[in-house]
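Subject: A structure for you to explore

Hello,

Here is the structure I promised to pass on. Have a look around first, and then read my notes below.

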Amino acid sequence: MRVALIGLGAVGRGVAEMIAKKDLGLTITGIADSKSGCMDCNGIDPQRVLAQKKQTGACGDRSITAEDIIRDAEYDALIEVTPTNALSGEPATGYIRAALSRQKHVVTSNKGPIALAYKELRTLAQENGVTLRYEATVAGAIPVMHTLEHGLCGNEILGIHGVLNGTCNYILTRMAAEGLTYEQALMEAREMGYAEADPTYDVKGIDAAIKLVILTNTIWGNSVKLSDVDLTGIDLLTPDALRLAEDEDCTIRLIAEAIPEKHLLRVSPRIIEKNHPLVVEGTLNALTLETDMAKEITLIGKGAGSIETASAIIGDLLYIRDRYGKCT
Ligand code: HSE
């Protein structure tokens, strides 16, 4: 299957590295970063492009843009992994629209378009006979969407509760375990590439809230927005608050939860007992799905990271390849 890759930050690099390393049957025919691009219908060596990007800061020709690749390259699926803009969803929403309109499948890790324009984009995909997949938008490597779509498909989902932001979880873990200040722990998370391009998205709970919106709209088919989420971040938490929780054999985690029956849609720091299933460490995410038949299912896995997020992207690509076998 031929793919075009738009975005060469932490996630894009992870995807390119895994396509180069593993024999996945995926050929990259176009790559763009924010400054440049390259196209070759016979296939591009991702390792060469990554090396070039490291050396020169650009992945290809500065006259070739992401729009050029989406419009002109020969590909079956677009991989859209540019940074999230939660306010406008752009330029990613435009990229996705353009690819779907060309009857190309789309796989994205970009939360903006899915949180803001999911219904429109899903309809556009249906009208064009292609699919839009977004496993990587929620909980990094954890196959939440696949679990909902397949393993739990006969269940009614009654509620969800989760740790959905790896950066906040990393910060809370480091503050509690090492006594780091909030600023020190955030700096570490940024250095390790977990945080968003704008880390206020993470620490103010916006990233977790966007993921909650995506999950809510996916599960219950409604149209909630970021502004519907009752939102508190971790940016005002002090090491003292964590120490007080510790004295009670508890800890603090940023919990996202949605329970339609109670009209609850909330992200907030919560004091919880240390042996609770949602108390996970570092960049782990955890999500409990309350269901009618399976009862409670808790999924745990890496919620952020380059290769971990690439795992979700590649899972979506191979799902498309297997389902729509006509791809070359
Ligand atoms: N900044 C996000 C997080 C990346 O820390 O969870 C994954 O969406």
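Before the rest, some background. This is a predicted model, in which local features need pLDDT of at least 70 and side-chain atom pairs count only at pLDDT 80 or more, while totals for chains, interfaces and linings use all residues. Residues are numbered from 1 along each chain as its sequence is written, and side-chain values use heavy atoms, with hydrogens and water left out.

Back to Ile6, which sits in strand β1 (residues 2-6). Strands (E, at least two residues) and helices (H or I, at least four) are DSSP runs numbered from the N terminus. Between Ile6 and Leu244 there are 238 residues of sequence separation and 46 Å of space, C-alpha to C-alpha.

The ligand

Which residues are around the ligand? They are Lys111, Asn165, Gly166, Thr167, Tyr194, Ala195, Glu196, Asp202, Asp207, Lys211, Gly303 and Ala304; a residue is near a molecule if one of its heavy atoms lies within 4 Å of it. By type, this shell has five charged, four polar and three nonpolar residues. Here Asp, Glu, Lys and Arg count as charged, Ala, Val, Leu, Ile, Met, Phe, Trp, Tyr, Cys and Pro as nonpolar, and the others, Gly among them, as polar.

Look next at the polar contacts (pairs of N or O atoms within 3.5 Å; within protein, one must be able to donate a hydrogen and the other to accept it, and residues adjacent in sequence count only if both atoms are side-chain atoms). The side chain of Thr167 has an N or O atom 2.6 Å from a ligand oxygen. For Glu196, a side-chain N or O atom is 2.7 Å from a nitrogen of the ligand. Lys211 places a polar side-chain atom 2.9 Å from a ligand oxygen. The ligand taken alone exposes 260 Å², of which the protein buries 92%, with areas from the Shrake-Rupley method and a 1.4 Å probe. Two elements, α7 (166-178) and α10 (206-220), each give two or more residues to the shell.

The core

The largest nonpolar core has 71 residues, and Ile160, Leu215 and Ile234 have the most contacts inside it. Such a core is a set of buried Ala, Val, Leu, Ile, Met, Phe, Trp, Tyr and Cys residues joined through side-chain atoms within 4.5 Å. Its largest share, nine residues, comes from α10. Both domain 1 (2-140 + 307-323) and domain 2 (146-302) supply at least three residues; the bounds come from an automatic or database domain assignment.

Some single residues

His105, in strand β5 (residues 105-108), counts as buried because its relative accessibility is 6%. A polar atom of the His105 side chain lies 3.1 Å from the backbone nitrogen of Thr131.

By contrast, His263 is exposed, with a relative accessible area of 74%. His263 is in the loop between β9 (250-259) and β10 (264-273), and has a positive phi near 55 degrees although not a glycine.

Finally, find the cis peptide bond that joins Glu90 and Pro91, with omega about 5 degrees. Pro91 is in the loop between β4 (77-80) and α4 (92-101).

Enjoy exploring!

Key: Buried means under 20% relative accessible area, exposed over 50%, partly exposed in between (1.4 Å probe, protein chains only).
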